[in-house]
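Trainee: Could we go through this structure together, with you holding each label up against its definition?
Mentor: Gladly; ask away.

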Amino acid sequence: MPPYAGPPVASRQGDAASPLRLLAYLALAITLIVLDDQAGWLSRLRAQANVLVQPVWALAGLPGRLGTQVKDNAASHGQLVTENRELRNQLLIANARLTRLQTAALDNAQLRELLNVAERSGLDVQLAPILDIDLDPVRQRLVLAAGTRDGVHVGQAVIDAGGLMGQVIATTGNSATVLLLTDPDHAVPVTVARNGVRLIVYGRGDTLELRDIPLSAGVEVGDEIVTSGLGGRFPAGFPVGSITALRPDDTHAFLVGELKPAAQLDRGRDVLLLRPGEAIRIPPNLRRDASEAGEPADREPAAHERTQPDASATNPAAGGASDLIPAPSARPLEQQGGSPPAGTPVVPAAGRQPQPSQPQVPQR
Amino acid sequence: MSRLRDKPWVLPVSLVVALLLGLLPLPALLQPLRPYWLALVLAYWVIETPDRVGLGIAFASGVIADLLYGGVLGEQALRLVILTFILQRFRARIRFFPMSQQILAIGGLLFNDRIVSAVVHIVVGEPTLPWSYWWAPLLGMALWPLVFVLLDALRFGRRGR
């Protein structure tokens, strides 16, 4: 090498861009992808890593939280007054409905006892704030700013005021990841509220899809779909969505339906987590009445007995947990009296539908 | 890059900020246009200080990003390693390009990155992103001069180079 050539600078660059190193890193990355896809031991490692990631999530959620704070502070007095009035009216209506539903729930419990049906366990809800960050847009996920320290555990159903949102799939100390209904890995066992046909709703990224509807099932556009409670992951009777379109599938033997989710999946501030609560108890004096006289007791005492949820409803900030009655499913049944009675149509669907044991959690 | 005193903290801080910007909530309409901040920042460092930032850092930051964004583990690592390798190969030329050509080169890289990501999704069996997400490289191109000038200013102090 001539002396004027100077030190060999270029060779260093050549080293840095050597294809061997590239191949090594590519192999490493592909190994990671494959391992993650198979969801073996890596999932445990991932759970550990999520604990480390959590403070970064909190940091990234900060601008969103600040934004809402600023919005709250900037709201004018007039806006607040009107909003307050609206909310108060809504609370009044909701309370009136609640008392009516309580009598219905009590009646239901009594009738169940008369029929010797197993007691349905009650449900409690817990309020959890959403951490405002955008995760990978391919996967429909949500991060909650509440974790195991607040009693959140994997498998809990997540709802909002409209209906079912999804389920908790991972938790750390103070954050939890929710798999939304619309995730392609998610499926929910449901029934058509109008006639009790059992089906499965699959996520499709942005919308929901109802597959393998028998042509004879009599499912129509506009039907309300509620959870069926099969599989045990989701409690029965929560609205999932309503059918917006029906089309025949490739075999022309079944229909495929598109669903509009009942819950507001894109963004809110808080969600509700379901957890088992105490069952609706029949007060002892009513029980004696019912067994002696053989007819359902009058409604007056029933409304009196359960005033506790009312108290918690009037100041929702306290506690955060209140009684919840899974009654919304009952409403469409009552309204559509003209269609075939609720009991019979369950039979044809039962043999044909695959019975999902669990909603598919992302492992293929 | 020897005589100019640059600040060592700028590199890690810029990578962390890029990771956070990727998580920042955007309105649903803008979400598809979210530029790939991590790739932009990494590209700057690969072009400017190739002896400090190479495939190793690209891989590590990619894995961290995958953990943060909850995607397929290793996907972004793969994308960033490919991007870094191409940049290292053409660094000597890209470095002396005028800004307009640099922008085009970065746009090409980001577009290629989209293709790699789509391939990974198809192979793994995940759904691919909607077509609106393919506009994001354009925004990334537009932001490149900004990132470049900002990082340069941070690195060498207020007076510029």
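Trainee: How do you know how helix α2 (residues 37-48) of chain B and helix α6 (residues 136-156) of chain B are oriented to each other?
Mentor: Their packing angle is about 50°, and their axes lie 10 Å apart. That makes α2(B) oblique to α6(B), since under 35 degrees counts as roughly parallel, over 145 as roughly antiparallel, 65 to 115 as roughly perpendicular and the rest as oblique. Axes here are lines fitted to C-alpha atoms, for helices over the stretch in contact, with angles from 0 to 180 degrees between N-to-C directions. Before we go on: this is a predicted model, in which local features need pLDDT of at least 70 and side-chain atom pairs count only at pLDDT 80 or more, while totals for chains, interfaces and linings use all residues. Residues are numbered from 1 along each chain as its sequence is written, and chains are lettered from A and ligands numbered from 1 in the order in which they are written.

Trainee: What makes α4(B) roughly antiparallel to α5(B)?
Mentor: α4(B) and α5(B) pack at an angle of about 155°, with axes 10 Å apart. That value makes α4(B) roughly antiparallel to α5(B). Their crossing is right-handed. Residues of α4(B) in this contact include L78(B), I82(B) and I86(B), and those of α5(B) include L109(B), V116(B) and V120(B). Ten nonpolar, two polar and three charged residues make up the contact of α4(B) with α5(B).

Trainee: How many helices and strands does chain B have, and what share of chain B is buried?
Mentor: Chain B has six helices and zero strands; helices (H or I, at least four residues) and strands (E, at least two) are DSSP runs, numbered from the N terminus. Of the 161 residues of chain B, 41% count as buried.

Trainee: How many residues of chain B are in contact with chain A?
Mentor: 32 residues of chain B are in contact with 36 residues of chain A. α4(B) gives the most to the side of chain B that touches chain A, with seven residues. That side of chain B divides into 22 nonpolar, seven polar and three charged residues.

Trainee: Over in chain A, what makes strand β5 (residues 176-180) mostly covered?
Mentor: Five of its five residues are buried. On one side of β5(A) are A176(A), V178(A) and L180(A), and on the other T177(A) and L179(A).

Trainee: How do you know which strands pair with β5(A)?
Mentor: Pairing requires at least two bridges found by DSSP. Strand β2 (residues 141-144) of chain A is joined to β5(A) by four bridges, running antiparallel, and L142(A) has V178(A) as its bridge partner. Strand β4 (residues 164-171) of chain A pairs with β5(A) over five bridges, also in the antiparallel sense, with A170(A) opposite T177(A). A hairpin through four residues joins β4(A) to β5(A).

Trainee: Which strands of chain A close into a barrel?
Mentor: Six strands do, in the order β6-β7-β8-β11-β10-β9, with antiparallel pairing. Neighbouring strands of this sheet are turned by 40° against each other on average, direction ignored. Strand β6 (residues 187-192) of chain A and strand β7 (residues 198-203) of chain A, for instance, are joined by five bridges, and P189(A) stands opposite I200(A).

Conventions
A residue is buried if 20 or more other C-beta atoms lie within 10 Å of its own, exposed if 12 or fewer, and partly exposed in between; C-beta atoms are placed from the backbone. Two residues are in contact if their C-beta atoms, placed from the backbone, lie within 7 Å. Ala, Val, Leu, Ile, Met, Phe, Trp, Tyr, Cys and Pro count as nonpolar, Asp, Glu, Lys and Arg as charged, and the others, Gly among them, as polar. A crossing is left-handed if the near helix is turned anticlockwise from the far one by less than a right angle, and right-handed if clockwise.
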